[in-house]
Amino acid sequence: MEYIKWNEGLSVDNEMIDNQHKELFRLINDFYHGIVSKKGKKAMVEVIDRLEKYMHEHFNFEEFKMKMANYPELDAHMKEHKEFIDKVSDFRTRFEEGRLLLSLEITSFVKEWITNHIRISDKKYIEYI
Ligand SMILES: [Fe+2]
């Protein structure tokens, strides 16, 4: 079962970016399955690692495309990316230090954020890039 599923309604009319979003969804599904199947700390840190790494690559790519296109809302968009990166990195630190239990609330936050971000903010750059 897929916890988060990409659909055409989330397309930003750019194949590369759509593929990156699909890959992000795959990693979020891994994260979800890791929590549900109660994977150990080491395995979960690896899952978060992959998610964070891919998120950085993807956000950098989007930001590069927006910069090249002189996208007028670049700053606001970058701010959204940064806030999310900080949030995930905070989850990770607290989890590693044993101050946070990974929960379905966290997966649901990640899922909601990414879906809303694509639906609202990413779709705004379509006509520019
Ligand atoms: Fe974005």
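Me: How do α2 and α3 pack, and at what angle?

Reply: Helix α2, residues 41-68, packs against α3 at an angle of about 170°, and their axes are 11 Å apart. Axes here are lines fitted to C-alpha atoms, for helices over the stretch in contact, and the angles run from 0 to 180 degrees between N-to-C directions. Helices (H or I, at least four residues) are DSSP runs numbered from the N terminus.

Me: Which word describes α2 relative to α3?

Reply: The angle makes α2 roughly antiparallel to α3, a term for angles over 145 degrees.

Me: Before we go on, what kind of model is this?

Reply: This is a predicted model, in which local features need pLDDT of at least 70 and side-chain atom pairs count only at pLDDT 80 or more, while totals for chains, interfaces and linings use all residues. Residues are numbered from 1 along each chain as its sequence is written.

Me: Which residues make the contact of α2 with α3?

Reply: On the α2 side they include Val45, Ile48, Met55 and Phe59, and on the α3 side they include Leu74, Met78, Ile85 and Val88. Two residues are in contact if their C-beta atoms, placed from the backbone, lie within 7 Å. By class, this contact has 9 nonpolar, 3 polar and 5 charged residues. Ala, Val, Leu, Ile, Met, Phe, Trp, Tyr, Cys and Pro count as nonpolar, Asp, Glu, Lys and Arg as charged, and the others, Gly among them, as polar.

Me: And how do α3 and α4 pack?

Reply: Helix α3 (residues 74-96) and helix α4 (residues 104-124) pack at about 170°, with axes 12 Å apart, which makes α3 roughly antiparallel to α4. His77, Glu80, Phe84 and Phe91 of α3 make this contact with Ile106, Trp113, His117 and Ser121 of α4, and by class the residues divide into 4 nonpolar, 3 polar and 1 charged.

Me: What span should α3 have, going by its number of residues?

Reply: At 1.5 Å a residue, the 23 residues of α3 should span 33 Å, and its end C-alpha atoms are 33 Å apart, which agrees. The expected span is 1.5 Å times one less than the number of residues.

Me: Now α1 and α4, how far apart are their axes?

Reply: Their axes are 10 Å apart and the packing angle is about 170°, so α1 is roughly antiparallel to α4. In this pairing, His21, Leu24, Ile28, Phe31, Tyr32 and Ile35 of α1 meet Leu104, Thr107, Val110, Lys111, Ile114 and Ile118 of α4. The contact has 9 nonpolar, 2 polar and 1 charged residues.

Me: What is in the largest nonpolar core?

Reply: Its 7 residues are Leu24, Phe25, Ile28, Phe31, Tyr32, Met55 and Val110, and α1 gives the most, with 5 residues. A nonpolar core is a set of buried Ala, Val, Leu, Ile, Met, Phe, Trp, Tyr and Cys residues joined through C-beta atoms within 7 Å. In soluble globular proteins, nonpolar side chains tend to be buried together.

Me: Which residues does phenylalanine 31 touch?

Reply: Leaving out residues up to four places away in sequence, phenylalanine 31 touches Val47, Leu51, Thr107 and Val110.

Me: Is isoleucine 17 buried or exposed?

Reply: Isoleucine 17, in helix α1 (residues 15-36), counts as buried because it has 20 C-beta neighbours inside 10 Å. A residue is buried if 20 or more other C-beta atoms lie within 10 Å of its own, exposed if 12 or fewer, and partly exposed in between. Apart from neighbours within four places in sequence, isoleucine 17 is in contact with Val12 and Glu62.

Me: Changing topic, where is aspartate 13 and what is its phi?

Reply: Aspartate 13 lies in the segment before α1, and its phi is positive, about 55°, although it is not a glycine. Most residues other than glycine have a negative phi. Aspartate 13 is exposed, with 10 other C-beta atoms within 10 Å.

Me: And what about the phi of lysine 38?

Reply: Lysine 38, in the loop between α1 and α2, has a positive phi near 50°, and with 9 C-beta neighbours inside 10 Å it counts as exposed. Just after α3, glycine 98 takes a positive phi of about 75°.

Terms used
Helix = DSSP H or I, 4+ residues; strand = E, 2+ residues; numbered from the N terminus. Parallel < 35°, antiparallel > 145°, perpendicular 65-115°, else oblique.
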